[in-house]
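Here's a quick tour for anyone opening this one up for the first time. Have a look at the sequence and the structure, then read on.

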Amino acid sequence: MWSVTIKSLAAHKLRLALTALAVVLGVAFMSGTFVLTDTIKHDINGLISQTTAGRSAVVRATAPYGDSSGGFAQDVRPLTPESIQQIVRSVPGVAAADGTLQGQVTLIHDGKVVKTKGNAPTIALNWEPDHQLTSLTLRAGHAPIGPGQLVIDAATAKAASLRIGDAVTVIGNPGPEPFTIVGIVGFGKANTLAGATLTAFDTETAQSLVGKPGYFTAINVAAAKGVSSDTLLSAIGARIPLGFEVVSEATVVAQTSAGIDSFINTFNTFLLFFAGIALFVGAFLIFNTFSILVGQRTRELALLRAVGANRSQVTRSVLGEATLTGLAGSIVGLLVGIPLAAGLYSLLSTLGLSIPSQGLRILPRTIIVSIVVGTLITVASVILPARRAGRVPPVAAMRDDAVIEETSLRRRAVIGGAVLVVGVLALISGLSASNGIGLVGLGAALTFVGVAMLVPFIAAPMARALGSPLPALQGVTGRLGRENAARNPRRTAATASALMVGLGVVGAVATLASSASASVGSLVDRTFNADYVITTGANQGLFSSAAESVVRSAPGVIVSSPFTQATWHDGKVSHGLSAIDAVTGPQVLNIDVVTGSVAALARGQVLVDSTVARRDHLTVGDVLPMGFAETGVKPVTIGGTYKPNQLLDSYLISTALLSQNVTTRQDIAILVKTTRASAAQQAALKSALAAYPQLSVETGAQFKADQKKQINSFLAIVYVLLALSIIIALIGVINTLALSVLERTHEIGLLRAVGMYRRQVRRMIRAEAVVVSLIGAVLGLALGIGLGATIVHAASSSGIDELAIPWRTIIVVLVAAAIFGVFAAVFPARRAAKLDVLTAVKAT
Amino acid sequence: MADESDDRPAQEGPTATPPEAIPGRIAAQVDDAVKVYGRGETSVRALDGVSVSFPAGRFTAIMGPSGSGKSTLLHCTAGLDTLTSGRVMIGDTDLSSLDDRGLTALRRDRIGFVFQTFNLVPTLTALENIVLPMDLAGRRPDKAWLDSVIDTLAIRDRLKHKPNELSGGQQQRVAVGRALASRPQIIFGDEPTGNLDSRVSAEVLGLLRDAVSRLDQTVVIVTHDPVAASYADRVLFLADGKIVDDVSGPTPESIIDHMKRLGS
């Protein structure tokens with residue numbers, strides 16, 4: 001039977017090429033993602049281990065709450081006093097020990113924020129005198145000495161055209177201060193660390209900018225020649241006091257790598273999610289193509305049966321075709337994915353992620369997973385058509401009108417309904433579970449499959465309803481197009497379903513985004529009692545708490561309060577908290593007090609969200625032991641409860657109390673109430689803050705618009721990632737139409753014979769494509785919005801508490817779907833119009 | 001022959017030349033038609049210098065053995081295929097002067113077709129199939145004429161049905177209806193009864209006969225069935241791409257005699 005399989009493949013080259021293209025695109029997306037993220041991981045980790053080569057160990061305060069935070073963020077730990085540096089330096093076997101500290105600042109040149117293209121942070125470091133301990137290498141100029149001097153990284157210097165001798169402003173804890181660039185540095189051999197802007201100061205200056213005089217983040221240690229890591233670690237370990245730890249360089253690198261890896265893995269999962277959708281859409285296309293091919297090859301398959309092939313041999317020959325198609329598609333997809341990853345990587349580099357590349361990483365895992373997944377999806381999609389092929393009766397070879405018996409509609413309804421119900425249940429239980437993202441995904445996929453199985457029942461009425469304006473618009477060609485879309489509900493359903501999946505995700509994401517925008521908006525409306533909100537806006541710079549005093553004394557300001565968020569730990573898990581000025585905060589923010597009073601904030605007490613209070617049986621007067629990473633557990637009395645408010649987290653304290661427990665309080669916003677809100681007032685605030693170009697002064701409405709813009713730019717990224725799925729669905733529509741045109745050769749010939757212009761033939765095919773696309777769009781949007789609404793409902797406790805239907809997106813998607821249909825019809829319509837009338841009429 | 005062209009509605013579109021059916025007028029004329037398929041040594045001369053005219057208001061049957069060129073003659077005369085050399089006139093129109101658009105409009109407005117199989121569009125009802133050429137032209141059918149066609153064909157109760165709900169005979173009657181509905185200058189039938197049993201065949205041929213006798217239409221069919229050909233006023237015999245015989249007022253017996261003589 002293998003030779004039959006091969007011959008059949010050869011005979012349907014174009015069909016199979018289009019089918020394989022769906023596999024190629026999906027697999028390329030997947031393999032490209034793997035290669036890209038593996039390469040980034042490898043390069044960053046390579047950079048880290050290369051640039052810390054001179055360091056043997058690190059001494060630091062122990063993190064009281066463990067290594068909980070991943071990503072680039074460091075674990076929060078208390079600072080290390082200079083006394084520890086003295087102790088470590090005196091340990092035998094230590095060649096050098098330098099305190100290191102780092103934090104974030106804002107760098108300003110010519111009144112503008114100096115920032116990288118990728119909006120990476122500006123990191124401030126202290127210049128460690130012993131160069132074997134520092135990752136920074138001086139390229140030009142000299143090391144910073146004393147206040148007013150800094151060095152910056154070569155990448156930023158080049159990008160912002162900064163030279164030695166240039167005057168800049170650095171905003172750290174004390175506010176804006178003038179500095180002069182005295183040197184240019186590299187990060188190891190690289191120009192900078194993964195796109196960040198690096199600044200370095202002498203230790204005292206750095207401490208005043210981002211730390212605390214006399215304190216470091218950690219102490220870097222270099223071992224003397226011949227001293228082993230173990231000897232060094234135990235020697236230091238024996239000398240440092242309780243609350244501090246010494247770890248080997250290897251441990252530090254491993255921890256940093258783990259943080260970076262987990263960050264990149266999240267990115268990887270995010271991209272794979274979209275690759276998965278593309279493959280899922282591809283599965284519909286493959287299923288549909290093979291279903292149609294099996295239908296068209298009925299006589300050929302029957303002939304095989306008639307000459308002695310048994311059912312399973314016929315089924316296996318079709319599956320064999322699928323396997324070869326899938327395998328070929330996967331291999332090509334894998335190969336296409338590699339340059340795709342290379343392209344994306346260089347795109348990221350131009351966007352500011354500058355890492356010295358060590359070449360693309362193509363792991364065996366990438367190759368195996370790509371080929372196995374691509375092939376399996378193809379074969380799995382073809383199981384049903386292959387079994388149908390096996391059911392072709394041998395007698396069909398002799399008959400002209402033989403059709404393969406379709407699975408009974410009742411069975412289809414029952415199975416489709418069951419899949420749908422299971423999908424919805426999985427979705428709902430996944431949403432209510434604490435960590436049910438996998439279940440949500442499975443539920444959503446099953447829901448789509450279930451609906452797709454049921455679509456044939458509604459495809460014909462939908463086609464007639466959606467195509468109802470067509471006869472009026474373009475007469476009989478419109479009516480024919482509409483009826484062609486309705487005549488084979490299974491085929492139309494499968495084609496539309498592929499589009500439904502992609503647009504379903506669009507609908508869901510759009511619903512989530514519009515709901516998030518609406519929720520933020522109404523939260524701002526409900527909570528803000530201020531005229532202006534001062535934030536870093538879209539500037540992405542660092543907020544400076546020093547700006548607060550400037551705002552307070554600005555003309556027209558009645559009251560202002562900083563607003564910030566932080567975390568506290570109960571020994572098991574961390575909780576978010578918000579902090580506002582005890583006195584002015586309640587004047588600019590509406591806090592719905594349930595019990596107690598906001599005045600308690602001024603007494604250093606905590607207010608608790610009333611739902612959390614009820615859940616944890618907390619009442620006014622109870623003492624809450626709040627653990628802070630830097631200062632330890634503080635008993636804080638509960639002074640009141642308030643109605644849950646997403647902006648305020650579940651715990652609210654004063655900024656004064658928070659400042660006692662963190663070295664650098666990182667504020668998020670300043671809320672301002674003025675005598676009279678006006679454009680002039682806003683301008684006055686802006687000019688008062690002229691020294692802080694990273695801050696923007698916005699009215700409540702502007703702030704809301706800003707938030708919306710940020711949500712929308714995320715949405716745009718999601719749409720770009722979904723584009724591939726939509727393209728695959730487009731190929732599906734083209735493929736189905738082309739096969740349908742082939743099947744209707746006689747009919748089109750007849751129409752041409754009795755007087756249909758070629759133009760009218762094209763119009764007819766276009767009408768059909770538009771109707772099929774609109775079915776996919778309507779179903780996708782309905783399902784997607786339903787899905788989005790379900791998620792919004794389930795996520796109401798996490799801030800998105802208002803459902804907003806994205807009407808504009810709906811209209812755009814419907815119009816786009818119609819255009820998409822017109823576009824998909826171009827090739828099949830041209831083919832149909834070119835059919836030779838005579839061949840079509842003669843051939844019987 | 002009665003002249004009914006006065007109550008004919010003015011035709012629109014590019015081919016709107018109202019054919020004035022002067023008695024003895026020619027509906028279609030073929031001059032020295034040559035059709036060669038293929039090239040070089042494998043080429044086949046399907047038509048080898050055929051000249052014939054089809055008078056208006058007459059029923060002509062074309063017969064001949066397989067490969068005689070009878071279908072090719074029909075296709076070329078009907079504007080479905082083009083000649084290698086020679087000329088086809090439908091009324092005053094030289095088909096070689098028309099491009100694809102022109103030929104399409106000509107087929108739509110001035111020619112009616114009845115094929116052996118696949119005559120109807122499965123997604124349209126019987127009535128929609130009948131008025132399809134006029135719908136394609138964006139024209140309203142002449143209601144009175146349409147009614148008389150429908151009544152003649154006795155398909156009034158089947159008008160709302162889709163083709164797959166009709167019997168083979170009913171389908172073919174709808175096809176005849178479509179051919180008649182636009183009052184074409186000439187109706188071509190390509191084995192129009194080839195797929196029908198003899199009873200239904202007789203019915204359909206009777207309808208075509210009536211269209212000529214009572215409705216003053218012009219009909220040309222290709223057939224291999226002597227009985228079918230006997231409904232015609234005239235039978236042309238083709239062999240090897242040439243007209244070899246031309247019989248008026250045929251009977252099945254006389255046709256069989258001719259066929260025997262031609263050795264087919």
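Which residue in strand 9 of chain B is the bridge partner of Ala61(B)? That's Val235(B). This is a predicted model, where local features need pLDDT of at least 70 and side-chain atom pairs count only at pLDDT 80 or more, while totals for chains, interfaces and linings use all residues. Residues are numbered from 1 along each chain as its sequence is written, with chains lettered from A and ligands numbered from 1 in the order in which they are written.

Strand 3 and strand 9 of chain B run parallel, joined by four bridges. They belong to an open, mixed sheet of six strands in chain B, ordered 6-7-8-3-9-10. (Strands are DSSP runs of E, at least two residues; helices are runs of H or I, at least four. Strands pair if DSSP finds at least two bridges between them.) Strand 6 and strand 10 of chain B sit at the edges with a single partner strand each, so one side of each has no neighbour in the sheet.

| Strand of chain B | Residues |
|---|---|
| Strand 3 | 59-63 |
| Strand 9 | 234-239 |
| Strand 6 | 111-114 |
| Strand 10 | 242-248 |

Now for helix 5 of chain B, residues 143-153: Leu146(B), Val149(B), Ile150(B) and Leu153(B) are buried there (20 or more other C-beta atoms within 10 Å of the residue's own; exposed means 12 or fewer). They lie on the same side of helix 5 of chain B because they cover an arc of only 95 degrees around the axis, going by the directions from the helix axis to the C-beta atoms. On the other side, Ala144(B), Asp147(B) and Asp151(B) are exposed.
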